[in-house]
Amino acid sequence: MKSILLVEDDPFLIEIYTTKFKKAGFLVEVVTSGDVVLAKLREKKPELMLLDIVLPNVDGWEVLRAMRNDNKLKNTKVVILSNLGEKEDVDKGLKFGAAKYLIKSHYTPSEVVEEIEKILE
């Protein structure tokens, strides 16, 4: 079973995405605050992390920066799922090594699951 770490602080979105991913056969772990992401990644070792940028305590940019400087975490696949949709945000995310940058308003939850499945094939 493929595992993902969903890093999201909106309870409504957590429920929707968790349900969709579980129906698609994924094991889903959820983190709601940026300051605990690295510890959870080390503990669970998911195949992919779905990362929001706007998070409490530590934002997604800082999480990515810390991951890329950590030899055990730097190769973890990351897909950014954010409402930040400016070109410079997308470019920054891809520069930090995200496999894909998805803007929440441009994708339905089912389409997000499809994109993740493609990346993990």
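In this predicted model, Lys-95 lies over the face of Phe-96. The distance from the ring centre is 5.7 Å. Phe-96 also takes part in an aromatic pair, with Trp-61 as the partner. A pair of aromatic rings is described by the distance of the centres and the angle of the planes.

Phe-21 and Phe-26 form an edge-to-face pair. Here the distance is 5.2 Å centre to centre, with 90° between the planes. Phe-21 is buried, and Phe-26 is buried too.

Helix H3 (residues 60–68) also packs against helix H2 (residues 37–44), their axes coming within 10 Å. The axes cross at roughly 50°, which makes H2 oblique to H3. On the H2 side, the contact involves Val-37, Leu-38 and Leu-41. These meet Val-63, Ala-66 and Met-67 in H3. By class, the contact has 6 nonpolar residues, with no polar and no charged ones.

Leu-6 lies in strand E1 (residues 3–7). Its relative accessibility is 1%, so Leu-6 counts as buried, the cut-off being under 20%. Leaving aside residues up to four places away in sequence, Leu-6 touches Ile-14, Tyr-17, Thr-18, Val-28, Glu-29, Val-30, Val-31 and Leu-50. One of these contacts, Glu-29, is 23 residues from Leu-6 in sequence. In space, the C-alpha atoms of Leu-6 and Glu-29 are 6.1 Å apart.

Lys-45 lies in the loop between H2 and strand E3 (48–51). With a relative accessible area of 63%, Lys-45 is over the 50% cut-off and therefore exposed. Asn-57 is found in the loop between E3 and H3. Its relative accessible area is 64%, so Asn-57 is exposed as well.

Technical notes: Residues are numbered from 1 along each chain as its sequence is written. This is a predicted model: local features need pLDDT of at least 70, side-chain atom pairs count only at pLDDT 80 or more; totals for chains, interfaces and linings use all residues. Side-chain values use heavy atoms; hydrogens and water are left out. Axes are lines fitted to C-alpha atoms, for helices over the stretch in contact, and angles run from 0 to 180 degrees between N-to-C directions. Helices (H or I, at least four residues) and strands (E, at least two) are DSSP runs, numbered from the N terminus. Angles under 35 degrees count as roughly parallel, over 145 as roughly antiparallel, 65 to 115 as roughly perpendicular and the rest as oblique. Contact means heavy atoms within 4.5 Å. Ala, Val, Leu, Ile, Met, Phe, Trp, Tyr, Cys and Pro count as nonpolar, Asp, Glu, Lys and Arg as charged, and the others, Gly among them, as polar. Rings of Phe, Tyr and Trp (its six-membered ring) pair if their centres lie within 6.5 Å; planes under 30 degrees apart count as stacked, over 60 as edge-to-face and the rest as tilted. Buried means under 20% relative accessible area, exposed over 50%, partly exposed in between (1.4 Å probe, protein chains only). A charge sits over a ring if NZ of Lys or CZ of Arg is within 6 Å of the ring centre and within 35 degrees of the ring normal.
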